[in-house]
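Okay, thanks for coming, everyone.

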Amino acid sequence: MLFSNIRRIFNKALGQPAYAIRVGIRRLIANAHYIFGGGRSSPPESVTLFLTHRCNLRCSMCGQWGEGGVTKKRSLEFIKEELSFDVLRSAVDGMSSYSPAVTLFGGEPLLYKDCIALIRHIKSKRMHCLIITNGFLIEEYARRLIDSGLDELNVSLDGSRDLHDRIRGVPGLFEKILSGLETVRDLKRSAGKRNPLVNIQCTITKSNYHRLEEMTAVASRAEANSLTFHNLIFTNKEILEKQKKFDDILGASSDDWRGFEFDPGIDPQVLREKMDRILSGRYDFSVDFYPYLSRTSLENYYNDTDYAPSKHNTRCLSPWIAAYVFPNGEVRPCLNSTYSYGNIKDAPLCRIWNSQKALRHRQLLRENKIFPACARCTELYRY
């Protein structure tokens, strides 16, 4: 895990050296707070703004809108809830003093009507900004994304033409996305701009793990800056039952994890062979598997329900580093827990970040190193 993180930071440093140095320093400080801070932490290194729950796709493996997705079971009122541009602009203004990297996510963030205006405002405050998109609207927004000053365009792709369209359930989607990325490339060239960097994100699933090597040709055609294969996030009933103990202590729910309650259906030995073959190649872009696991760890990750990395040394540092702001304004330490540190409609993020609720959560987490649900959350491997 340490080697993988060093490699990812090194690859980031090659493309964005100043940003990588800043990230490295902040993570050292966060580690010190984890050890000595008593639950307090330095300002977040990164803030993810979930702009909307809405999405224009129904991808089979998605925990929000997929086959077992939890969002599609929610009320229309919940699904339509979004923060106003004024609230988000004010939050960004407050963040500018400590300048976190800002990720725009969803749902599909480009469905948020003020998405481009928000990117422009983030960049006017000299903060790093990236967006995670399913790519459906890239061609329509290509010029505006480039003109906004966006740093990174992260696009989800699951395979070559037939495979991606089958997983995403939209015929013609692959070519629509690639056409959009080619438009971004051409517009950057004509404007003499390097950004946004294009990062292809491929989630490994039972539907595509036999054909992962096809993604290198996809990334090459898109002239991407990087290609990252993400190991699947999944869980089971036993893990979620164990999680209830901590949810009861915190007065929270982890029911959103139920969108990831399924059998992964992946043979780790076959996956490892694919990984080795892909990583042995030479490309014009960086290639990574996240989290990068040894052969034994990969087998345990997919086959052992009790598996946690490094067993006794495992700890989750994410709540000391990353903040997640949801469409109702709640600031949460975890993607799939309802536990909230506070709401940006009521107080600035910097005050919420070390609120009593934040300290209580971090202290309980540090005492236990991880919660049961953490075992299949890839954020566990990020820091």
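Let's start with a helix pair. Helix 10 passes helix 14 in a right-handed crossing, where right-handed means the near helix is turned clockwise from the far one by less than a right angle, and left-handed means anticlockwise. Helices here are DSSP runs of H or I, at least four residues, numbered from the N terminus.

Before I go on, this is a predicted model, with local features needing pLDDT of at least 70 and side-chain atom pairs counting only at pLDDT 80 or more, while totals for chains, interfaces and linings use all residues. Residues are numbered from 1 along each chain as its sequence is written, and side-chain values use heavy atoms, with hydrogens and water left out.

Back to the pair. Helix 10 is residues 237–250, helix 14 is residues 356–368, and they pack at about 150° with axes 11 Å apart. The axes are lines fitted to C-alpha atoms over the stretch in contact, and angles run from 0 to 180 degrees between N-to-C directions. Helix 10 and helix 14 are therefore roughly antiparallel; the cut-off for that is over 145 degrees, with under 35 for roughly parallel.

Who touches whom? On the helix 10 side we have Phe246, Ile249 and Leu250, and they meet Arg360, His361, Leu364 and Asn368 of helix 14. Contact means heavy atoms within 4.5 Å.

Now the second pair, helix 6 (residues 138–147) and helix 8 (residues 173–191), at about 25° and with axes 8 Å apart. So helix 6 and helix 8 come out roughly parallel. This crossing of helix 6 and helix 8 is right-handed too.

On to the holes. How many cavities of 30 Å³ or more are there? The count is two. A cavity is a set of points on a 1 Å grid, over the protein atoms alone, where a 1.4 Å probe fits but cannot get out, and lining residues have an atom within 4 Å of a point. Points are joined across faces, edges and corners, and volume is the space filled by probe spheres set on them.

The largest cavity is about 250 Å³. It has 21 lining residues, and the closest to its centre are Trp257, Cys334, Leu335, Cys374 and Cys377. Helix 10 shows up again, giving the largest share of that lining, three residues.

The second largest cavity has about 40 Å³ of space. Its lining includes Tyr19, Arg22 and Glu45, and helix 2 (residues 17–36) supplies the largest share, four residues.

Technical notes
Helix = DSSP H or I, 4+ residues; strand = E, 2+ residues; numbered from the N terminus. Parallel < 35°, antiparallel > 145°, perpendicular 65-115°, else oblique. 1 Å grid on protein atoms, 1.4 Å probe; cavity = no way out; pocket = protein on both sides within 12 Å on 5 of 7 lines; lining within 4 Å.
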